[in-house]
Structure formats: C-alpha cells, structure tokens
Amino acid sequence: MSSATASTKNALGGGMIIALSTLLAKIIGAVYKIPLVSILGVDGIGMYQLIFPVYAAAIALSSGGVSVLISRRVAAGKALGDNSGGGIMGAAFAYTLLLSLIAAGVICGLATQIAVLQGREAIKLCYYLIAPSILIVGMSSCIRGALLGVGRIKIAAGAQLIEQIVKLGAGLTLSFLLVKKSVVWGVAGAVIGVTASELAGLIFTAAFYVFSPALKATSCPLTLRNAYMKEYAPIMLSGIILPISSLIDSLLIVRLLTRFGYGSATADYGIMTGIVNTVVNMPTVIAIALAAAIVPALSYSYAKKDACGIKDRSSSCIKTALMIGAPCFFGLFALAPQLLKALYPSLGADQLALATALMRISSINVILASCLQIYTAIMQSLDRAGFCLAAGAILSVSRIGLEIALAYALGIKGICLAWAVYNLAYVLILIYKHAYLLGRNIPLVKNVSKILLSGVIMYAPVWLIARYVSNVYLCIGIGVAAGIAIYAPIALAMGIMSKDELKALPLGSKIYAIARRLNRRIDGTT
C-alpha cells in the first residue's frame, strides 16, 4: 500500500471515529431537546435558541479556527521532521486566552442591549451565565487541536460524549427545577448545564494533554507572536461567516416576523432552530468529523507538495460524506412528519405542520452543508481561507436580503429557503475553486451522480411507506429498514467507493466483502 493510500485510509478511519462519536453526541443532544421542549415549551426553546448565535459568534471570534491551525501546524511539522509544531501551542494559548476574555467581557457588558435587540430583554441573565463557557471552549480548542495533530483522535472524540452527557443531566435537572420560578429561569438552568458540560470536556482533555508524552513536544511558553495572528486571522475570519450569519438572524428574524404580522415569531424561530435544525444537522456530523480529521492529512500532503494526495484524500472524504448524507436527505424528506411526531409529541397540530414544511425545505442542507464543511476544510489546508472569507461574506449579505424578501411572503419558511439557497451557492463556488486549484475530477462527478441516483431509487418505496402506513413508529421502522435495504446494495454494486475507502469504514472488511460479491470490479482504483 502506498503512503498516500495509507494516509487516506488513516484520515478516513480517524474521521469515522470522530464521526461516530459526534453522531452519538448529536443523538444525545437530540434526546436532550425532547424533554427540554416539554419543560420550556416552544416559546422557551425559542428564547434558548436566541442565546446560541451570540455565543457561537463569540467563540468563532476568539477561538473558532485555533484547533484547525494547531492540528495543521503539528501535522505539517511532522511531515518535515519537526515535532514541535513550530512552537505554535504557546502563542495559541496566549492569544486564545486574551481573545476569549475580551469576548466574554463584551457579552457581559452588552447583555442587556443584545437581549433588547433580539426582542426578549428577559434573557439577558443567560448571557452572564454562558460567558464563562467562551473561555473554557477556547482552552479546550487549543488542546483538541494538538490531540488531532498527533493523531490522538479518540480522546477528542470522547470529550464530545462527556460534554453531551453532562449537559443532558445538568441541563435538564436545572431547567426542570428552575422553570417553576419562570420560563426564563428554566432557560437559565439549561444554559448553566451548557457551561458545566464545557468545563467537563476541558478537564477531560487537559488531563490527557498534561500527562501524554506525545504532546509534550508541542508545549512552549505563553507568548504573543505576530506571526501567529497573521496565520490565524484568515482561518478565524473564514470560519466566522456562519456564526455571524446566525447571530444576525437571531437579531433579525423575530423582530422581522413580528413586523410582518407573524404573531408567533419566537415560537417559529424555536421550531426552526431548536427542533428542525437539531434533526437535520445530525447527519452532517459525518462531514464535520471528516473535515476535522482531513485537515492534518491534507496539511501533511501540502507540506510535501503532494497534489495527487490532496486530490485523493478530499475525493474520498466527499464520497464518504455523501454516501451517508444523500439517503438521509431523501429519508428526512419522506418521513418528516412521522419523525417529528415521534420525537416531539408535545407539538400541536399547527406546530407539527410548520415543522414538517421546514424540515422538508431544510433537508437538502444535509447534502449541501456536508459538502460545505469538507470543501472549506480543503481550502483552509491549501491556505485559501481568505477566499472562503470573501465568498462567504458576499453570499451572507445576499442571503440577508433574500431573507427579508422571502420572510415577508412566506414567514419562517422563507428564512429556511434563503439558507438553502445560500448553502447551494457557496458549495458551487467552492467546487469551482477546488477544480481550479487541483483540476477537474471526472471520476468524483460520476460517483456523486451514482450516489444521488441510488438515493432517488430508494426514495420511491420509502415515500409509499410514509403515505400508506398510518402508525408513526411502525412507519419509521419499516421506512428506515426498507431504505437501508434498497440503498446500500445499489450504492455498493455501483462501485462508488474503492477497496481502501470501504475498509476504512467501521466493519470495513465485511462491507468490502459484500461489495465484492455485488461488483467484482472493485479493486481499489475507483
């Protein structure tokens, strides 16, 4: 096996470790939202969801790209025989600590003004409670970057699970106890649970960082180095586009919908962000995990000036993400009302109908967001973060204009549709840039077409099951089973993934053996 092939397999294998742990973490998060909706109601969930765009933007500004930069530098250093990672850790910790303290201070200082802009002044208390998490996440991001850079993927993956378990226990307990005082206090209890969960993740990763011999080489004294900020700024700025867009939405949507005469604006926002997006985002964790794992591998190839290795690794990650994302898109579209009714039984008939419409619009983002995550990671690895920043900024301004126009006519559905258009445009631009830098990848285009064709073939019987099986749980069970039974053999028979790509998956050897029975031409070159 060539070194490039082995590295590709390692990247995919590491990505799948993160993917599985992240998926499990997302499942725990989705389970968490089910009783939380019952405790807080859709209006309370709306208030809860208003807090997190502000929180996410603060994290993106203070530490959003630090784990990418550290993992990239450590991996690239290994390619050149430098185990110190260029002395990056000291500067990363110093700048992240400084920026996190500033971001937390700004949120605390402007808590009232932010809450007023969002149309819910009562949630200002929650901003004081979430502010410590900004510092905690910053320190944790530095450590996880080092972990990924030296290949300690399981530790970073385990931290995600610990965080979700702590949030589940602490958040639900505190929200249940405090909601008796008021809905806002119930929301505050859930926010405290988030801070506690981030602290638990930091303690877990810090213990491994301190006592792991493999990570001692990345240590260096705290220092503010201008060279660090020159490298970090483009990555941070390109990664902040999405959080800033969500922040603008949190400031705009409720007020906009209220102005246009939609009386349940906060509840509608809560349904979109707290219910629908929670379900739709679960399949995209595969792409997020692959993107996190591929950055060190691509950076290694970039340092070696191995263009073919970069092309092969990125192609493998895109195929893997879409092999999982495409059937999830078709399944979510077909089974949307049944899934929502089963997961959120507290929703009323009108709320369920709205959530179903929103999920069917947003389900395309399973594919689009997956591609966006991986192509953005590729651009960052190729030192093209500035291109992502420029493209994302222009598209975000256009999306806000589209949101205003569509919200007037369609309400919250218009907001959902604007995000789908934004993701589509962004993905097409990144695909074009990728082809410009590395050349056209005709085999990848053919394989993506095969993946989508397999999904279309699967969709018809699942749609019939959703239409004619009345029992919700029976419908979901039969629909999912039928979808897997139809999609998997067709996709494997088409020879979309190579021998090495299949073997990098969980139970890869068994999957490859099945694929060989269906298609004898699978030989590791597709």
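I take axes as lines fitted to C-alpha atoms, for helices over the stretch in contact, with angles from 0 to 180 degrees between N-to-C directions. Helices (H or I, at least four residues) are DSSP runs numbered from the N terminus.

The model is predicted: local features need pLDDT of at least 70, side-chain atom pairs count only at pLDDT 80 or more, and totals for chains, interfaces and linings use all residues. Residues are numbered from 1 along each chain as its sequence is written, and side-chain values use heavy atoms, without hydrogens and water.

**H13 and H16.** I looked up helix H13 (residues 349-362) against H16: their axes come within 9 Å and cross at roughly 10 degrees. H13 and H16 are therefore roughly parallel (angles under 35 degrees). The crossing is right-handed (the near helix is turned clockwise from the far one by less than a right angle).

**H15 and H16.** Helix H15 (residues 385-410) packs on helix H16 (residues 412-438) at about 155 degrees, with the axes 8 Å apart. That makes H15 roughly antiparallel to H16 (angles over 145 degrees). I noted a right-handed crossing here too.

**H10.** Helix H10 (residues 241-259) has 19 residues and reaches 26 Å from first C-alpha to last. Just after H10, Gly 261 has a positive phi of about 95 degrees.

Note on methods:
Helix = DSSP H or I, 4+ residues; strand = E, 2+ residues; numbered from the N terminus. Parallel < 35°, antiparallel > 145°, perpendicular 65-115°, else oblique. Expected span 1.5 Å × (residues − 1).
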